[in-house]
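Student: I am new to this structure and would like a close look at one part of it, namely its charged side chains. Could you please describe how they are placed and what surrounds them?

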Amino acid sequence: MTEPKVQAFFDEATFTASYVVSDPATGRAAIIDPVLDFDAASACTSTQCADRLLEYVRLQGLDVALILDTHVHADHLSAAHYLREQTGAKTVIGSRIATVQETFAKIFNAESSFKRDGSQFDLLLDDGDSFSIGELQGRAMHTPGHTPICMVYVIGDAA
């Protein structure tokens, strides 16, 4: 059984770790918890952190299949949708995303047009659901705590 190659990327500004998990046998990969840079002073976003992940993927010759968020982040914005545009990979999050979207919509006075059903993501996973990255098998594990939708993704011998 092939074990995944895991490369961590640390974002000092948000104290967040993002990961690229790849299958050495096929070159397929997943990106976990990508950061979209946000400058509070200017209220602008940028893609510097996400572009570092893309550069690594390019240098390693990887094909990104999935972009996995472990939860909705309060400490940073997710670059999942930007990375989907760049790679064509599917965006993934836990199926309980609607609970958090409903809560955030009330807190941030979201307009009624903001969908609160998780439809912004390509794939919603429940506890125990499986997925693959090349020949690697992955499993979603619901681990509520930080948010009610937190997920751990177990891929090969890595979580």
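Tutor: A residue is called buried if its relative accessible area is under 20%, exposed if over 50%, and partly exposed in between (1.4 Å probe, protein chains only). The structure is a predicted model, in which local features need pLDDT of at least 70 and side-chain atom pairs count only at pLDDT 80 or more, whereas totals for chains, interfaces and linings use all residues. Residues are numbered from 1 along each chain as its sequence is written, and side-chain values use heavy atoms, with hydrogens and water left out.

The setting comes before the details. The protein chain contains 3 helices and 12 strands, which are DSSP runs numbered from the N terminus (helices H or I, at least four residues; strands E, at least two). Of the 159 residues in the protein chain, 42% are buried. Contacts (heavy atoms within 4.5 Å) with a separation of 6 or more include a 55% share between residues 24 or more positions apart.

The charged pairs come next. The count of salt bridges is 3, each being a side-chain nitrogen of Lys or Arg within 4 Å of a carboxyl oxygen of Asp or Glu.

One of them joins Arg28 and Asp63, with 2.3 Å from N to O. Arg28 belongs to strand β3 and Asp63 to strand β6, so that distant parts of the chain, 35 residues apart, are linked by this pair. Arg28 counts as partly exposed because its relative accessible area is 31%. Asp63 is also partly exposed, because its value is 38%.

Another salt bridge is that of Glu55 with Arg58, whose closest N and O atoms are 2.7 Å apart. Both residues lie in helix α1, 3 residues apart, or about one turn of the helix. Because the relative accessible area of Glu55 is 36%, Glu55 is partly exposed; Arg58, at 54%, is therefore exposed.

Arg84 and Asp122 also form a salt bridge, and here the closest N and O atoms are 3.1 Å apart. Arg84 is in helix α2 and Asp122 in the loop between α3 (97-107) and β9 (123-125), so this pair ties together parts that are 38 residues apart in sequence. Arg84 is partly exposed because its relative accessibility is 27%, and Asp122 is partly exposed because its relative accessibility is 41%.

Two aspartates present another picture. Asp23 sits in the loop between β2 (16-22) and β3 (28-32). Asp23 is buried but takes part in no salt bridge, and the nearest side chain of opposite charge, that of Arg28, is 7.8 Å away. Here Lys and Arg count as positive and Asp and Glu as negative, while His and the chain ends are not counted. The side chain of Asp23 does make a polar contact, at 2.9 Å, with the side chain of Thr26. Such a contact is a pair of N or O atoms within 3.5 Å; within protein, one must be able to donate a hydrogen and the other to accept it, and residues adjacent in sequence count only if both atoms are side-chain atoms. Once neighbours within four places in sequence are set aside, Asp23 is in contact with Thr2, Arg28, Ile133, Gly134, Glu135 and Leu136.

Asp37 is located in strand β4 (residues 35-39). Asp37, too, is buried without a salt bridge; its nearest side chain of opposite charge is Arg52, 7.7 Å away. The side chain of Asp37 reaches the backbone nitrogen of Gln48 at 2.8 Å. Residues up to four places away in sequence not being counted, Asp37 touches Asp11, Cys44, Thr45, Ser46, Thr47, Gln48 and Cys49.

The largest nonpolar core has 18 residues, and Val20, Ile31 and Leu83 have the most contacts inside it. A nonpolar core is a set of buried Ala, Val, Leu, Ile, Met, Phe, Trp, Tyr and Cys residues joined through side-chain atoms within 4.5 Å.
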